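Colleague: I have a model open and would like to learn how to read its features one at a time. Please give me the rule for each, then the case.

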Amino acid sequence: MAQDILQFLIDIVFQLFGIGLILRAWMFAIRLHPFNPFSQAILRATEWLVGPIRRVVPGSGRFDWPSILACWITAILYLLLTWLVAMGGLMPSASAIGPLLLSGLLVGLKWLFNVIVWVTLIQAILSWVNPLSPIMPVLYTLTAPLLDPIRRMLPRMGGLDLSPLVLLVLAQIAMMVLNHLVFTTFGA
C-alpha cells in the first residue's frame with residue numbers, strides 16, 4: 001500500500017510539473033503575453049529549472065528549447081523514480097539508458113497530449129457555462145492553432161462546433177499510442 005501511495009504522489013507531482021513546462025513552451029510558441037496572471041503562475045513555478053538551462057541552451061524561433069529540455073529531463077526522472085518504486089530500489093542496467101531516453105521523450109509527448117485534452121475540455125465547458133470567464137482569452141489563444149485547421153476541414157454545422165470533439169478524440173488516441181510505446185520501450 002505504501003508503494004501505491006508513493007507511486008501516486010510521484011505521478012501527480014511529476015505530471016503536474018511536466019504539464020507546467022509544456023504550457024510554458026506552448027505559451028512561448030504562440031507568443032502569449034508574459035504579464036498575463038496565468039502566464040506568470042506558470043513562469044514562476046517552472047523558472048527554477050528552466051532558468052539555469054536557458055543559460056546554456058537558448059530558445060530559438062517558436063521553440064522554447066530550455067522548457068522542452070526541462071520537460072524531457074523531468075520525464076526521465078519520473079521514469080527512473082517509477083522504476084525504482086516498482087522494482088524496490090533496483091537501478092536499471094546500463095543497457096536501459098537508450099530506451100530510458102527515448103521513453104522520456106515519449107512521456108513528454110504524452111503529457112503534451114494530456115495538456116491538449118484538458119485545455120480543450122476546459123475551454124469547451126467554459127464556453128457553455130461562462131463564456132466571459134477571465135481565462136477564456138488565454139484558452140482561446142492556446143487552442144486556436146489546433147482547432148482552426150480542424151474547423152476548416154469540418155463541414156459547417158450551423159452554430160455547432162465539433163472541432164473540440166475531434167481534437168479530444170485525436171489527442172486521446174495519440175495518448176493511447178504513446179502509452180503503449182512507453183510501456184514497450186522501457187517497461188514503465
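Modeller: Some ground rules come before the features. This is a predicted model, in which local features need pLDDT of at least 70 and side-chain atom pairs count only at pLDDT 80 or more, while totals for chains, interfaces and linings use all residues. Residues are numbered from 1 along each chain as its sequence is written, and side-chain values use heavy atoms, with hydrogens and water left out.

Colleague: How many helices and strands are there in the chain?

Modeller: Helices (H or I, at least four residues) and strands (E, at least two) are DSSP runs, numbered from the N terminus. Here the chain has six helices and zero strands, so its elements read α-α-α-α-α-α from the N terminus on. The C-alpha trace spans about 60 × 35 × 30 Å along its principal axes.

Colleague: What share of the 188 residues is buried?

Modeller: Buried means under 20% relative accessible area, exposed over 50%, and partly exposed in between (1.4 Å probe, protein chains only). In this chain, buried residues make up 39% of the 188. R55, in helix 2 (37-56), is exposed at 70% relative accessibility. L6, in helix 1 (2-30), is partly exposed at 43%.

Colleague: How many salt bridges does a search of the whole structure find?

Modeller: Side chains of opposite charge can pair when their charged atoms come close. The rule used is a side-chain nitrogen of Lys or Arg within 4 Å of a carboxyl oxygen of Asp or Glu. By that rule the whole structure holds five salt bridges. One of them joins R24 to E47, with the closest N and O atoms 2.7 Å apart. R24 lies in helix 1 and E47 in helix 2, so this pair ties together parts that are 23 residues apart in sequence.

Colleague: Which side chain meets D161 in a salt bridge?

Modeller: R151 does, at 2.9 Å from N to O. D161 lies in the loop between helix 5 and helix 6 and R151 in helix 5, so the pair ties together parts that are ten residues apart in sequence. D161 is partly exposed at 37% relative accessibility, and R151 is partly exposed at 24%.

Colleague: What is the volume of the largest pocket, and which residues are closest to its centre?

Modeller: The search runs on a 1 Å grid over the protein atoms alone; a pocket is an open set of points where a 1.4 Å probe fits, with protein on both sides within 12 Å along at least five of seven lines, and lining residues have an atom within 4 Å of a point. Points are joined across faces, edges and corners, and a volume is the space filled by probe spheres set on them. The largest pocket has a volume of about 480 Å³. Of its 22 lining residues, I22, A25, W26, I68 and L112 are the closest to its centre. Helix 1, helix 3 (65-86), helix 4 (97-129) and helix 5 each supply at least two residues of the lining.

Colleague: And which residues lie nearest the centre of the second largest pocket?

Modeller: They are L23, I42, V119, I135 and L139, out of 15 lining residues. The volume of this pocket is about 330 Å³. Helix 1 gives the largest share of its lining, five residues.

Colleague: Where is M157?

Modeller: M157 is in the loop between helix 5 (136-153) and helix 6 (163-186), and is partly exposed at 44% relative accessible area.
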